[in-house]
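Subject: Two-chain model, handover and notes

Hi,

Here is the model you asked for. Please load it before reading on.

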Amino acid sequence: MNSNAIKTAALGLFLLGFALQASAQTQVNDAWVRATVAGQQATGAFMTVTASGDSKLLSVQSPVAKTVQIHESTMKNDVMSMQPVEFVALPAGKAVSLDPHSYHVMLIDLVGQVKEGDKVPLTLTVENAKGEKESIKVEAEARALNTMDHSKMH
Amino acid sequence: MSVSLTRRQVVAGMGLFSLGLLTGCDNSVSLSYKYGKDLSDKILGRTFKLKDSEGNLTTLSSFRGLMPMIFFGFTQCPAVCPTTLARAAQIKKLMGKDGDILQVVFITLDPERDTPAVLDAYVKTFDPSFVALHGTLEETAETAKEFGVFYEKIPSGSTYTLSHTATSYVYDTRGRLRVGLSQSLSAQECTEDLLTVMEVC
């Protein structure tokens with residue numbers, strides 16, 4: 001092994017350690033995006049977010065969409081209502097589900113079709129109670145447009 | 001009576017439990033559904049005229065002989081629309097051969113953004129037999145009103161999303177409105193009620 005390789009490996013380890021440290025505060029699991037058909041302008045992203053201390057999910061960004069918003073859907077009298085929200089509260093240690101039936105991330109004005117199997121980069125901005133901001137990068141897997149939402153199946 | 005018995009046997013063979021009245025097509029006796037809402041006393045969807053993805057004028061009578069299940073939505077809908085269409089595809093499978101007469105019809109509430117090509121590709125991702133209908137803004141508003149479907153644009157930054165009724169409306173093969181299926185029902189529950197509709201027509 002030459003010295004360059006060692007340096008590269010050391011740098012890699014350093015970056016890995018840095019990434020682990022940065023993501024220690026907030027965990028994002030099971031992130032997925034619903035695939036689209038060609039020409040479809042928007043879709044949803046879903047995941048489970050767990051913060052170690054009381055925090056807020058402030059925003060999400062993604063290179064696949066010009067606009068990314070956090071929406072909340074509610075169902076009343078079989079009417080599905082949709083509203084953009086300022087943030088999502090992340091109580092300490094609680095797994096908050098961003099799913100089709102509550103809060104979810106809207107990817108709007110897509111730059112192209114999201115195909116099944118694509119890895120969609122998402123960057124979440126989370127703010128803790130002290131006002132410190134943290135960026136979490138995840139890769140969400142694009143699942144088929146006709147994916148049945150399993151949390152809703154009885 | 002022998003006709004009824006045969007019908008009863010056929011229906012029993014389908015594994016249906018909620019055997020209620022066995023009535024003919026020509027009267028509008030209400031059926032009892034285990035999960036859905038009986039809408040047989042409502043007159044909805046009799047006059048809408050919309051276009052399919054190829055531009056053909058489509059009305060309720062275009063589906064005569066089939067059992068239309070009509071659902072309103074828009075393709076940018078992140079949750080309820082794909083979930084309901086995926087459920088519809090599952091229902092069609094659960095119905096087995098009887099699923100051939102189930103005609104899923106998706107009517108866009110967002111004709112400004114849902115082009116016929118996108119709509120067609122969208123619904124056919126769920127099942128190649130599904131059809132999507134669209135109209136002008138006025139025709140869409142009239143159709144929604146006729147069905148008692150609520151919808152509203154929600155401004156969202158530089159764009160908008162829609163809130164809307166998530167009920168699926170099911171007609172019998174003679175074009176008579178029968179049952180409303182809520183978004184909260186499972187494919188299995190919907191299938192049981194649809195087989196109840198098939199009992200009569």
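Below are the conventions, then the findings.

**Conventions**

This is a predicted model: local features need pLDDT of at least 70, side-chain atom pairs count only at pLDDT 80 or more, and totals for chains, interfaces and linings use all residues. Residues are numbered from 1 along each chain as its sequence is written, and chains are lettered from A and ligands numbered from 1 in the order in which they are written.

Helices (H or I, at least four residues) and strands (E, at least two) are DSSP runs, numbered from the N terminus. Two strands pair if DSSP finds at least two bridges between them. A contact means that two C-beta atoms, placed from the backbone, lie within 7 Å. A residue is buried with 20 or more other C-beta atoms within 10 Å of its own, exposed with 12 or fewer, and partly exposed in between; these C-beta atoms are also placed from the backbone.

**Chain A**

Chain A has one helix and ten strands. Along the sequence the pattern is α-β-β-β-β-β-β-β-β-β-β. Of its 154 residues, 31% count as buried. Take the contacts in chain A between residues at least 6 apart in sequence: 72% of them join residues at least 24 apart.

Strand S8 of chain A covers residues 103-110. Six of the eight residues of S8(A) are buried, so the strand is largely enclosed by the rest of the structure. Strand S2 of chain A (residues 42-51) runs antiparallel to S8(A), joined by four bridges. There A:Thr43 stands opposite A:Leu107. S4(A) also runs antiparallel to S8(A), with seven bridges. In that pairing A:Thr67 stands opposite A:Ile108.

Two backbone angles deserve a look. A:Asp109, in S8(A), has a positive phi of about 55° although it is not a glycine. A:Asp109 is partly exposed, with 13 other C-beta atoms within 10 Å. A:Asp78 is not a glycine either, and has a positive phi of about 60°. A:Asp78 lies in the loop between strand S4 (65-76) and S5 of chain A. A:Asp78 is partly exposed, with 18 other C-beta atoms within 10 Å.

**Chain B**

Chain B holds an open sheet of six strands, in the order S1-S10-S9-S4-S5-S6, with mixed pairing. Its edge strands are S1 (37-38) and S6 (131-133), each pairing on one side only. S1(B) is joined by two bridges to S10(B) (residues 177-181), and the two run antiparallel. B:Lys37 stands opposite B:Gly180 in S10(B).

Now the helices. The axes of H2(B) (residues 80-94) and H5(B) (residues 187-200) come within 9 Å and cross at roughly 55°. Axes are lines fitted to C-alpha atoms, for helices over the stretch in contact, and angles run from 0 to 180 degrees between N-to-C directions. The two helices are therefore oblique to each other. On this scale, under 35 degrees is roughly parallel, over 145 roughly antiparallel, 65 to 115 roughly perpendicular, and the rest oblique.

H2(B) contributes B:Arg87, B:Gln90, B:Ile91 and B:Leu94 to the contact, and H5(B) contributes B:Ala187, B:Gln188, B:Cys190, B:Thr191 and B:Leu194. By class, that is five nonpolar, three polar and one charged residues. Ala, Val, Leu, Ile, Met, Phe, Trp, Tyr, Cys and Pro count as nonpolar, Asp, Glu, Lys and Arg as charged, and the others, Gly among them, as polar.

**Where A meets B**

The contact between the chains takes 34 residues from chain B and 34 residues from chain A. On the chain B side, H2, helix H3 (116-126), strand S7 (151-156) and strand S8 (159-165) each supply at least two residues. That side divides into 15 nonpolar, 18 polar and one charged.

Strand S5 of chain A (residues 79-84) and S8(B) run antiparallel, joined by two bridges. The bridge partner of A:Met80 is B:His164.

Which residues does B:Pro78 contact, leaving aside its neighbours within four places in sequence? They are A:Arg34, A:Thr43, A:Gly44, A:Pro100, A:His104 and A:Met106. B:Pro78 is found in the loop between strand S4 (67-73) and H2 of chain B. B:Pro78 is buried, with 23 other C-beta atoms within 10 Å.

Best wishes
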